[in-house]
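Have a look at the structure first, then read on.

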Amino acid sequence: METFATERLIAEKLREHHLPDLVTLHLDPAVSRYLGGVRSPEATAAYLAAAMAHWDRHGFGLWALRTQAGEFAGRAGIRQAVVEGAEEFEILYTLKRNLWGRGLASEIVAALIETARSQLRLPSLVGLVVVGNEASYRVLEKSGFTRERTMLSRGEEVALYRLQADRQP
């Protein structure tokens, strides 16, 4: 599923032409605060290359998000990841700062959960949220995720949330 739409967002498979929008997103210090910090354009290019390779290997991954009016809104998706030595399916979402507080994160998370269940048939999803990111805690909890524990990931303390495939929000 390379494209899909929610009520207010259009998602399309990440591709090379999304690089300028991703660079702008990753250079915003407020947006990048809980993403490991501001990323250089080169680091964002490497991120995009890894995201496209994930699509090639697994047939799913990250999507670029646009508003119905066509404005770049952010990125979101599902990726296979190793978390504390275990294979997991991680949900990710990042929106431009001017779009925060409008329920768009909850909207895209609901669509990703549906994709994970109906299309990908995944047993569970995890969300890794940097400790202190209260907005993301609320999005995942409202979406039916349960906080399992706190751990270290990529040098940061994160809360690990999980949603089992059979659990409804």
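## An aromatic cluster

Let's start with the rings: Phe4, Trp55 and Trp63 are joined into a cluster by ring pairs. Keep in mind that this is a predicted model. In total, the structure has 4 aromatic pairs.

## Two tilted pairs

Phe60 and Phe89 make a tilted pair, with ring centres 6.2 Å apart and 50° between the planes. Phe60 sits in the loop between α3 (41–58) and β3 (62–67), while Phe89 belongs to strand β5 (residues 86–95), so this pair links distant parts of the chain, 29 residues apart. Both of these Phe residues are buried.

Tyr137 and Tyr161 are tilted too, at 6.0 Å centre to centre and 40° between the planes. Since Tyr137 is in helix α5 (residues 134–142) and Tyr161 in strand β8 (residues 156–164), the pair ties together parts 24 residues apart in sequence. Tyr137 is buried, at 7% relative accessible area, and Tyr161 is buried as well, at 0%.

## The overall fold

Zooming out, the protein has 5 helices and 8 strands, running β-β-α-α-α-β-β-β-α-β-α-β-β from the N terminus. Its radius of gyration is 15 Å, close to the 15 Å the globule rule gives for 169 residues, so the protein is as compact as a globular protein of that length. The C-alpha trace spans about 35 × 35 × 35 Å along the principal axes.

Buried residues account for 49% of the 169. The protein exposes about 8300 Å², with 51% of that supplied by carbon and sulfur atoms. As for charge, the mean positions of the 21 positive and 21 negative charges lie 2 Å apart.

Conventions:
Residues numbered from 1 in each chain as written. Predicted model: local features only at pLDDT ≥ 70, side-chain atom pairs only at ≥ 80, totals over all residues. Heavy atoms only, no water. Helix = DSSP H or I, 4+ residues; strand = E, 2+ residues; numbered from the N terminus. Rg over C-alpha atoms; globule rule 2.2 N^0.38 Å. Buried < 20%, exposed > 50% of the residue type's maximum accessible area, 1.4 Å probe, protein only. Areas by Shrake-Rupley, 256 points an atom, 1.4 Å probe, with all protein chains shown as cover. Lys, Arg positive; Asp, Glu negative; His and termini not counted. Charge placed at Lys NZ, Arg CZ, Asp CG, Glu CD. Phe/Tyr/Trp six-rings, centres within 6.5 Å; stacked < 30°, edge-to-face > 60°.
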